[in-house]
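Q: I've got this one open on my screen and want to know what the labels on it rest on. Can we go through them one by one?
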Amino acid sequence: MRTDEPREQVGDPSLPPDRDSLPPVGAVLTAIATGLWRWDNATGVVTLDAEAARLLGLPPHARITTEAAVRSRFHPVDWNEIHGIVQLAVAEGTLAEARLRIMDDQGRHVLRTVRSRTKPIVHDEASTYELIGTIQEVSEPAPGAAARTPVTGDWRRSREAFLLDAGRALAEARSTEEVLRVAAGLSMPGFSPDGLAVFGAKADRLTVVGHHGHHGYGDDDPLASMPLDTDYPAAEVLRTGRAVYLSSPEEYRRRYPTTWPLASRFERQSWAFLPLTVAGRTMGAWMAAFTYPVSFTPDERSVLTTVARMLAQALSRAGVAESERELTEGLQRSMLPMLGPEIPGMSVAARYVPTGGGLQVGGDWYDVIPLPSGRIAFVIGDVQGHDVRAAGLMGQLRIALRAYASEGHRPDAVLSRATRFLSGITDGITYGSTDTRDDHDGKDIAGDPRFATCLYVEADPTTGVLEIARAGHPEPVIRMSDGTVLQRPIAGGLPLGIDPDADYPTTRLVLVAGETMLVCTDGLIETGGHDLETGWSRIRKVLEDYEDGAERPERADHADRGGPETYDVYEAQAAESEGLEALADTLVQAVHGPSSHHTTGPLADRREDDIAVLLLRRTGHPEQRARTRRTMLTIAQAEPERVAGARGHLRDLLHDWADPDQVDSAVLLVSEMITNVLVHTDGDALLVAEVTGEEGTRRLRVEVADSSDDLPHKRHPGELASSGRGLVLMELLAERWGVDPRGEGKSIWFELYEASPGAGPEPGGAVEGAVGEAGGAEAP
């Protein structure tokens with residue numbers, strides 16, 4: 001047994017203290033200004049020692065008092081919050097720790113802030129307990145600061161909740177400006193800076209990235225740009241990577257006398273300069289300035305350090321995002337053209353919507369190219385993929401197409417040259433790469449051929465004639481002046497880059513005054529889980545339901561204003577352009593909904609593919625706007641499957657015809673007429689359909705022309721015959737019909753007059769024109 005162990009202190013104050021023994025507990029608590037208290041929840045009795053009574057603003061002697069008397073000394077907000085803290089501590093079996101503001105006897109001024117640490121002792125009855133613990137005065141924040149920024153609730157839990165909220169808010173910030181705004185709005189538990197600045201380094205100089213609450217900074221301010229070896233706290237933080245805390249102006253003046261005059265004009269009392277570190281590299285410094293003294297306790301330094309780390313991460317992410325946005329916008333500006341000056345007789349509108357995520361740039365593009373002949377070329381295309389490689393190929397292909405078009409080549413020749421060009425640059429051997437490795441970061445570049453779809457339109461603004469060549473691209477859609485929407489079948493070839501020797505036939509259309517042509521990439525059609533068929537149905541409905549809000553001035557309006565009676569062409573074109581821009585926005589919004597990718601919320605980003613849209617409208621005088629719906633199709637001998645497309649095309653033209661039986665009759669006759677040409681002649685069939693007149697009394701005239709000079713003649717087929725009933729159907733279903741010989745070939749036509757449903761045509765329509773009696777193929 002050891003005899004040199006210290007004698008146990010029994011706590012009798014009458015005995016002299018031993019050098020090796022601990023002093024009495026009461027003496028220790030008195031020395032550190034800490035009081036003891038007990039709060040009995042069951043009886044509502046609070047027991048205080050002398051120091052606890054003094055801290056609560058009561059006469060400084062031990063006492064037993066009531067819960068109400070103690071409650072009157074606490075700030076009402078703190079009293080409400082401490083109840084929840086105690087209940088949580090009782091449930092968890094942990095300490096209840098809180099900061100409380102002590103008010104004067106009038107309840108108007110804060111005397112001091114105390115920290116209470118108590119241990120709940122739960123009785124047998126689950127609803128009753130006692131709190132036994134200590135009360136100690138907190139030196140910071142000062143009474144004035146506590147009145148401005150209340151310190152409520154449990155310090156540890158308040159700090160954790162603040163850091164969680166701060167992390168979430170900073171994580172959602174997408175730009176440097178937004179990060180600074182979020183940081184300026186953070187209300188730290190117990191102390192909040194009212195001014196902040198973020199410093200960075202450019203070469204060997206200190207720069208101000210952003211600031212809040214310091215209105216003196218400017219481009220010519222010495223603080224905005226100074227050498228890194230300057231005796232300034234932010235420069236020291238960037239040089240050393242260590243934080244600098246300055247609790248008072250005197251300390252700032254003593255440590256940094258050179259730059260103190262520059263900082264003194266902001267009238268702050270305390271400063272914290274912390275490094276902004278990402279991946280072990282100090283990328284900047286964050287300054288938090290206070291208008292009241294702060295001693296920067298370990299808890300406060302811990303909060304500031306954690307906020308600085310989150311701020312550094314947020315600024316790093318914002319910098320990367322801003323670089324990506326700058327790169328994306330630069331690519332879009334360089335690869336997508338400005339529509340340039342107005343085109344006389346035509347209005348043009350275009351939209352490009354990148355896919356969500358990534359660099360937001362892909363392979364879709366459009367272009368408007370002035371041609372040497374005075375015509376205008378409109379190009380839209382889509383390179384396979386949504387990555388940087390697709391964007392690069394798109395830029396190269398766009399430049400090549402512009403070069404071929406500017407040389408004066410026709411549409412078919414432009415696409416033929418473009419497919420050879422794309423085939424060459426996507427072939428690793430032809431491209432001439434000296435890098436023989438197959439694997440580039442896991443991607444086989446040489447074995448990654450790409451193709452592109454393209455639609456090339458050469459337009460004559462004077463006549464409205466469009467010459468179109470198509471390379472695997474969706475066909476154009478025509479919206480007539482009365483809202484009728486037709487998808488125009490266009491002969492085409494393979495996508496560019498698949499076959500270098502592919503041919504691309506040219507189709508000619510005429511765009512009359514008031515008609516609008518829509519060409520787009522498949523992103524507009526198939527977004528939202530649609531296929532080509534359902535996607536076109538959705539777009540057709542949008543086009544049909546759209547009402548152009550740009551009202552055209554009438555002659556009477558000009559006369560009332562004392563202006564000329566002639567129609568102002570420039571005013572009309574301005575109205576057309578405004579309406580076309582609104583239609584472009586309507587199409588894009590109808591496809592992928594509201595801009596959910598710009599705001600937070602339950603809506604997901606529906607931009608599954610890039611979207612490029614090009615709208616072309618033929619303008620003109622109101623009296624030049626024909627009331628006629630007119631469409632024209634060519635069905636080649638080698639394309640008998642397009643007969644079904646012609647039937648659907650005619651139904652679209654007659655979408656609002658009053659009598660559906662008449663529509664069925666017209667479709668049947670057109671099918672018979674086209675089939676007859678393909679079976680009994682060696683040429684192609686040209687279909688021309690025209691609707692004229694006012695709704696309810698309109699006339700449909702359909703002509704099918706071919707190159708054969710043989711005229712049809714009426715036949716009398718037997719009951720089991722499989723053909724020969726074409727003219728019989730004509731006589732039964734058409735109001736009028738006939739055959740017109742031409743210099744080369746002939747055309748057979750019929751007419752129907754709009755009637756109420758069920759009225760139907762009278763049988764035995766008249767035959768006009770010469771009808772051969774023998775030797776010709778039988779009409780449909």
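Q: What covers the buried residues of α21?
A: The cover includes α20 (660–680), β27 (736–741) and β28 (746–753). This is a predicted model, where local features need pLDDT of at least 70, side-chain atom pairs count only at pLDDT 80 or more, and totals for chains, interfaces and linings use all residues. Residues are numbered from 1 along each chain as its sequence is written, and side-chain values use heavy atoms, with hydrogens and water left out.

Q: Which residues of α21 are buried?
A: In α21 (residues 726–733), they are Gly726, Leu727, Met730 and Leu733. Buried means under 20% relative accessible area, with a 1.4 Å probe and protein chains only (exposed is over 50%, partly exposed in between).

Q: What puts them on the same side of α21?
A: Their arc around the axis is only 140°, so they sit on the same side of α21. The arc is taken from the directions from the helix axis to the C-beta atoms.

Q: Why is Cys454 called buried?
A: Its relative accessibility is 0%, and the cut-off is under 20%, so Cys454 counts as buried. Cys520 comes out at 1%, so Cys520 counts as buried too.

Q: What stands out about the phi of Ala33?
A: It is near 55°, a positive value in a residue other than glycine. Most residues other than glycine have a negative phi. Ala33 lies in the loop between α1 (25–31) and β1 (34–40).

Q: Why is Ala33 called partly exposed?
A: Its relative accessible area is 28%, which falls between the 20% and 50% limits, so partly exposed is the label for Ala33.

Q: Is Glu267 buried or exposed?
A: Exposed: Glu267 has a relative accessible area of 63%, and the label needs over 50%. Glu267 lies in the loop between α10 (260–264) and β11 (270–278), with a positive phi of about 55° although it is not a glycine.

Q: How many helices and strands does the protein have?
A: 21 helices and 29 strands. They are DSSP runs numbered from the N terminus: helices are H or I with at least four residues, strands are E with at least two.

Q: What share of the protein counts as buried?
A: Of its 780 residues, 48% do.

Key
Contact = heavy atoms within 4.5 Å.
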